[in-house]
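Here is a short briefing to read alongside the model.

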Amino acid sequence: MPKATAKPDDLIFQLRKARSASDLEPMLDALYGSHPDYARFRKDLDKALATAWKDRPADLKQLDLQRDLEPDWFQRADMAGYVFYIDRFAGTLKGVLDHLDYLQDLGVTYVHFMPCLKPREGDSDGGYSVMDYRQINPDYGTLDDFKAVATQLRERGISLCIDLVLNHTAKEHEWARAAAAGDKAAQDLYWMFDTPELPEAYSKTLVEVFPDNAPGNFTHYDFGKWVWTTFNEHQWDLNWTNPRVFLEITKIMLHLANTGVDVLRLDAVAFMWKRMGTRCQSEPEVHMILQALRACSRIAAPAVIHLEEAIVSPQEMLPYLGRGKHDGREGNLAYHNSLMVQFWSALATRDTRLMTHVLGTHFPDRLTNATYATYIRCHDDIGWAVTDEDAAAVGLNGPAHRAYLSDFYEGGFADSFAQGVLFQVNEATGDKRISGSFASLAGLEKGEPELALQRILMGHALIAAFGGIPLIYMGDELAMPNDYSYRNNPDHAHDSRWVHRPAMDWALAAKRHSGNSLSSQCFLGTQHILARRRATAGLHAAHPTTIVETGNAALFAVQRGAPTGPILCLFNFSNHWQHVSGGWLQRHGITHWHDALSDQIVTLHGDHLALPPYARVWLT
Ligand code: GLC
């Protein structure tokens with residue numbers, strides 16, 4: 001125990017260290033205990049934690065205390081996020097300051113700046129090929145500009161999320177350059193092989209992330225090594241079996257925390273540990289590393305939480321939010337990829353049975369110290385993460401259903417309302433992913449603007465009510481369509497994800513309050529959803545989320561178990577009217593007949609509640 005006479009600042013650091021010791025130490029022992037440098041590593045890590053705490057600005061230390069007192073701050077109904085690229089939204093960091101009113105008008109309390117650290121030149125995988133973690137992308141501004149934006153956001157009650165890429169660095173990062181120049185210690189930070197045998201052996205069980213433009217998982221270089229490159233050739237996988245990687249990344253993580261960041265999005269975490277004979281995804285050590293990293297943040301920058309990006313199957317995703325021995329100790333947030341995939345699947349088929357099965361079977365009704373990042377679109381493609389078993393459970397054939405969804409969203413069928421673009425077609429596995437903006441995938445380009453609008457608003461109402469932090473992807477609040485101009489940019493043309501990464505249309509945004517255009521109706525509708533979410537405290541993410549069987553394949557129902565009484569959220573995934581009996585609603589706890597979303601009392605027709613195409617209600 002620290003001495004009670006210690007200076008308050010030291011005392012609190014010691015207490016936090018003690019609080020997290022049982023989270024941190026067993027993980028480090030298990031991961032690195034047998035490494036010859038272990039003792040020195042532990043000393044260096046202690047020093048790094050202490051230094052980061054000493055350097056932490058006073059205002060952030062105050063925020064640390066506040067969040068220690070209010071640990072549910074990120075689970076509350078007033079949290080709503082907005083995701084954008086700085087250059088595409090506002091040109092530069094300074095430009096972002098000019099648009100804070102817009103964000104507040106929409107009702108946003110969290111922003112995710114897409115990768116904003118210094119990337120390599122040219123194609124940088126949208127900034128995920130980082131050359132220097134301690135510098136801001138010079139096209140966006142300086143570190144001082146960044147801190148100024150973070151401060152202003154905080155003053156407005158908006159949390160800031162940025163990316164920290166853990167699996168790889170750019171091959172232009174100083175460590176990678178030193179490794180290529182022959183520095184042995186630097187080579188040990190990566191996965192490098194002198195001969196092709198081991199890469200070939202690992203490759204037998206690996207999947208290809210970018211089979212189209214970056215096939216394989218290893219790259220051979222002139223300096224005589226095979227380097228592990230899971231993603232693109234220019235992204236070199238870090239070797240997390242080396243404690244120095246843990247140490248250096250922790251220093252970077254805490255340095256970023258001290259710039260005023262609230263949420264660190266830990267990128268591509270599933271790939272961080274390699275084991276021969278496996279897919280090298282979501283290995284148990286990944287969760288140990290993530291628990292240890294979270295403990296380090298809780299010691300030296302406890303206001304900061306971790307969002308873990310693992311776009312994997314439901315069963316594989318949940319552990320990122322802490323299960324078993326990691327319960328409540330790993331990620332605070334993880335993307336609810338299944339909710340996103342199931343939204344699109346049910347929208348195409350106008351049938352929610354698979355959605356109800358998957359979301360109702362594989363997910364617990366609540367999580368410890370954690371919640372989901374709920375979203376419908378993001379900067380990435382949509383991969384059809386539906387298992388054969390889940391498909392079979394509702395009478396579907398897995399491969400056929402996945403192929404159907406790709407074809408539907410590519411826009412191939414006569415009855416498809418979508419217009420998307422294929423991404424990374426894998427001839428060997430038949431896997432096809434889809435790019436496209438929410439509006440274009442929802443029907444805007446196919447002459448169904450009114451229905452597209454209703455589909456978008458239903459999606460936003462779903463992610464706002466489900467439980468988690470809803471993330472609105474830039475442009476989706478204005479129903480911005482696909483942008484095909486990426487095909488003229490040599491750095492982007494090979495990557496169809498750029499079709500849904502347009503520049504913000506500020507001319508449209510300027511007319512957002514008029515109400516007489518589709519984009520204005522979309523903005524006002526989304527704004528209304530977020531306002532009603534704020535007004536509905538029962539949507540707090542810690543309250544249970546239970547999927548309810550409706551007996552009607554067109555309807556998806558989720559009940560939020562608020563202590564003040566259940567909130568039953570209904571969504572009509574079809575383009576026909578649907579009816580729900582008043583008795584059924586009563587049996588599910590509806591007594592006030594108040595729709596918290598429209599803020600109106602609902603009236604029954606006969607004994608039925610009538611729901612128009614793509615209706616959404618949050619009944620209490
Ligand atoms: C994540 C990002 C994706 C990127 C990949 C490699 O999945 O979301 O955009 O290509 O990581 O960093």
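In this predicted model, strand 8 and strand 9, the latter made of residues 226–228, pair in the antiparallel sense over three bridges. F218 has W228 in strand 9 as its bridge partner. From there, we can look at the sheet as a whole and then turn to the ligand.

**The sheet**

- Three strands make up an open sheet, and their order is 7-9-8.
- The pairing in this sheet is antiparallel.
- Strand 7 (192–193) and strand 8 (218–220) are the edge strands, each of them pairing on one side only.

- The side chain of D125 places an N or O atom 2.7 Å from an oxygen atom of the ligand.
- For H379, a polar side-chain atom is found 2.8 Å from an oxygen atom of the ligand.
- R265 also takes part, with a polar side-chain atom 3.0 Å from a ligand oxygen atom.
- How much of the ligand's accessible area does the protein cover? On its own the ligand has 310 Å² of accessible area, and the protein covers 94% of that.

**The shell around the ligand**

- The ligand is surrounded by 13 residues.
- The closest of these residues are D125, D267, E309, H379 and D380.

Conventions. Residues are numbered from 1 along each chain as its sequence is written. This is a predicted model: local features need pLDDT of at least 70, side-chain atom pairs count only at pLDDT 80 or more; totals for chains, interfaces and linings use all residues. Side-chain values use heavy atoms; hydrogens and water are left out. A residue is near a molecule or strand if one of its heavy atoms lies within 4 Å of it. A polar contact is a pair of N or O atoms within 3.5 Å; within protein, one must be able to donate a hydrogen and the other to accept it, and residues adjacent in sequence count only if both atoms are side-chain atoms. Accessible areas come from the Shrake-Rupley method with a 1.4 Å probe; for residues, only the protein chains shown count as cover. Two strands pair if DSSP finds at least two bridges between them. Helices (H or I, at least four residues) and strands (E, at least two) are DSSP runs, numbered from the N terminus.
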